[in-house]
Amino acid sequence: GSSQSFNLPVSVNVKDASDDPVGNFCSFDSGVGSNPGDLKVKIKDITVEGIGEDEDWVPLDKIEIEVKVENNGDENVDNIDLEWGIYNQDNDEWVVDVDNVDDYDLNDNDDETTTISFVIDEEDLDIDLDELNDGDNYFLLVRATGEVDNANNDDTCDSDSRSINIIV
């Protein structure tokens, strides 16, 4: 018989490759590349106080981001480290460096929602305002990394991202 080969698409842990400019944000900076604990990280809501709205931000806007982390697995996940950052793809620079925003444990089938708040100003950004350039080359990235409460204490991680447009 003749043999046939098939090319199967590789599935990536983001909804759309353009959604995660640093590859898989979980693996970024010696992170964790797998999710045995079945965590689910979701950017639920972005609220803007100021001129901008949703994913369109203007300097001096106050931004609130609601991030929900669910434990969909059968094991508890301990020492969850919720981190976030804002990345400019054009010049490969973090506008907000990756920073820890919350720590908690999640029992199986539990979830936790955290609100991240910041202002687009010199104080909250890690670059000067005049270094911001116009356009949709910014990415909001969040990840939750934890330890599965099992025999191996496996590390587990999931991430989510959103494309952001900054209007200067």
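User: How many Å² does the accessible surface of the protein come to, and what percentage belongs to carbon and sulfur atoms?

Analyst: Good place to start! This is a predicted model, where local features need pLDDT of at least 70, side-chain atom pairs count only at pLDDT 80 or more, and totals for chains, interfaces and linings use all residues. Residues are numbered from 1 along each chain as its sequence is written, and side-chain values use heavy atoms, with hydrogens and water left out. Accessible areas come from the Shrake-Rupley method with a 1.4 Å probe, and for residues only the protein chains shown count as cover. The surface comes to about 9100 Å², and the share of carbon and sulfur atoms is 38%.

User: Which elements make up the secondary structure of the protein, and how many are there?

Analyst: Helices (H or I, at least four residues) and strands (E, at least two) are DSSP runs, numbered from the N terminus. From that end on, the elements run β-β-β-β-β-β-β-β. The count is 0 helices and 8 strands.

User: What is the strand order in the open sheet of 5 strands?

Analyst: Two strands pair if DSSP finds at least two bridges between them. Strand 7 and strand 8, for example, pair in the antiparallel sense over 11 bridges, and Glu 147 has Asp 155 in strand 8 as its bridge partner. The pairing in this sheet is mixed, and the order is 2-8-7-4-5.

User: Which strands are the edge strands of the open sheet of 3 strands?

Analyst: This sheet has the order 1-3-6, with antiparallel pairing. Strand 3 and strand 6 are joined by 9 bridges, and Ile 65 has Ile 116 in strand 6 as its bridge partner. An edge strand pairs on one side only, which is the case for strand 1 and strand 6.

User: Which residues touch the most other members of the largest nonpolar core?

Analyst: A nonpolar core is a set of buried Ala, Val, Leu, Ile, Met, Phe, Trp, Tyr and Cys residues joined through side-chain atoms within 4.5 Å. The largest one has 31 residues, and the elements that give two or more residues to this core include strand 1 (39-49) and strand 3 (62-71). The residues that touch the most other members are Ile 46, Trp 57, Ile 65, Val 69, Ile 86 and Phe 118.

User: Is Val 69 buried or exposed?

Analyst: Val 69 has its place in strand 3. Contact means heavy atoms within 4.5 Å, and beyond its neighbours within four places in sequence, Val 69 is in contact with residues including Leu 39, Leu 82, Tyr 104 and Ala 144. Buried means under 20% relative accessible area, exposed over 50% and partly exposed in between (1.4 Å probe, protein chains only). With a relative accessible area of 0%, Val 69 is buried.

User: Are the rings of Phe 25 and Trp 94 stacked, edge-to-face or tilted?

Analyst: Rings of Phe, Tyr and Trp (its six-membered ring) pair if their centres lie within 6.5 Å; planes under 30 degrees apart count as stacked, over 60 as edge-to-face and the rest as tilted. By this rule there are 6 aromatic pairs. The centres of Phe 25 and Trp 94 are 6.2 Å apart and their planes are at 35°, so the pair is tilted.

User: How many residues apart in sequence are the parts that Phe 25 and Trp 94 tie together?

Analyst: Both rings are in a cluster that also holds Phe 28 and Tyr 87. Phe 25 lies in the segment before strand 1 and Trp 94 in strand 5, so the parts tied together are apart in sequence by 69 residues.
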